[in-house]
Amino acid sequence: MDVLEKALLFVHLVGMAALLGGGLVQVTAASKRVSRAMVDGALTQVVSGLLLVGVLEGQDESVDHAKVGVKFAIGLVVAVLVWINRRKPEIPPGLFWGIVALTLCNVGIAVFC
């Protein structure tokens with residue numbers, strides 16, 4: 001089970017990197033859009049996060065359900081936002097920066113809480 005846990009954590013971190021990296025490469029771009037990397041990263045984050053919590057629960061490890069709930073809610077909002085806007089050639093800067101900010105907020109919750 002430890003191998004599965006580590007593999008899911010790895011996939012979860014790769015999803016975060018794809019989501020955040022897909023956004024940060026557009027920082028200097030005049031028009032912002034939702035890239036394929038952002039969509040794949042957001043969906044990977046939600047699915048691998050749920051599976052990771054399931055594995056941890058199966059090992060009878062202590063899981064902070066409040067933290068998981070907040071992270072899941074933020075991840076779901078991000079996933080829905082990128083999914084809805086994935087085919088648009090351009091999105092408003094506020095929406096783009098909101099997606100990036102929510103992603104960073106989720107990383108902060110994971111690290112500091």
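These are my notebook entries on a predicted model.

**Ground rules**

I number residues from 1 along each chain, as its sequence is written, and I use heavy atoms for side-chain values, with hydrogens and water left out.

**Entry 1: the cores**

I started with the inside. I took a nonpolar core as a set of buried Ala, Val, Leu, Ile, Met, Phe, Trp, Tyr and Cys residues joined through side-chain atoms within 4.5 Å. For burial I used relative accessible area: buried is under 20%, exposed is over 50%, and partly exposed is in between (1.4 Å probe, protein chains only).

The largest nonpolar core has 16 residues. Which of them touch the most other members? I found Val34, Met38, Ala42, Val78 and Val82. Helix 1 (2–24), helix 2 (36–58), helix 3 and helix 4 (93–112) each give two or more residues to this core. Helices here are DSSP runs (H or I, at least four residues), numbered from the N terminus; strands would be E, at least two.

A separate core has five residues, including Leu8, Leu52, Val55 and Val63.

I then listed the contacts of Val34, with contact meaning heavy atoms within 4.5 Å. Leaving out residues up to four places away in sequence, Val34 touches Val39, Val82, Asn85, Arg86 and Ile91.

**Entry 2: Ser35**

Next I looked at Ser35. Ser35 sits in the loop between helix 1 and helix 2. Is Ser35 buried or exposed? Ser35 is buried, because its relative accessible area is 12%. With residues up to four places away in sequence set aside, Ser35 touches Gly22 and Gln26.

**Entry 3: the salt bridge**

Side chains of opposite charge can pair when their charged atoms come close. My criterion was a side-chain nitrogen of Lys or Arg within 4 Å of a carboxyl oxygen of Asp or Glu. How many salt bridges does a search of the whole structure find? The search finds one.

The partners are Arg36 and Asp40, at 3.2 Å, N to O. Both lie in helix 2, four residues apart, about one turn of the helix. Arg36 is exposed, at 62% relative accessibility. Asp40 is partly exposed, at 34%.

**Entry 4: the nonpolar surface patch**

I turned to the surface. Patches take residues with over 30% relative accessible area and no salt bridge; nonpolar side chains (Val, Leu, Ile, Met, Phe, Trp, Tyr) are joined within 5 Å, like charges within 9 Å. Accessible areas come from the Shrake-Rupley method with a 1.4 Å probe, and for residues only the protein chains shown count as cover.

Leu50, Phe72, Leu76, Val80 and Ile84 form a nonpolar patch, with about 430 Å² of accessible area together. Which helix gives the largest share? Helix 3 (residues 65–84) does, with four residues.

Ile84 counts as exposed, because its relative accessibility is 54%. From Ile84 to Leu102 I count 18 residues in sequence and 16 Å in space, C-alpha to C-alpha.

**Entry 5: the cysteines**

I searched the whole structure for disulfides, meaning pairs of cysteine sulfur atoms within 2.5 Å. There are zero. Cys105 is partly exposed, with a relative accessible area of 37%. Cys113 is exposed, at 61%.

**Entry 6: Asp60**

I checked phi at Asp60. The value is near 60 degrees, positive in a residue other than glycine. Asp60 is found in the loop between helix 2 and helix 3. At 72% relative accessibility, Asp60 counts as exposed.

**Entry 7: two distances along the chain**

Leu24 is in helix 1 and is partly exposed, at 42%. Leu24 and Trp97 are 73 residues apart along the chain, yet their C-alpha atoms are separated by 9.7 Å.

Leu104 is in helix 4. It is partly exposed, with a relative accessible area of 45%. Leu104 and Thr44 are 60 residues apart along the chain, with 16 Å between their C-alpha atoms.

Key: Predicted model: local features only at pLDDT ≥ 70, side-chain atom pairs only at ≥ 80, totals over all residues.
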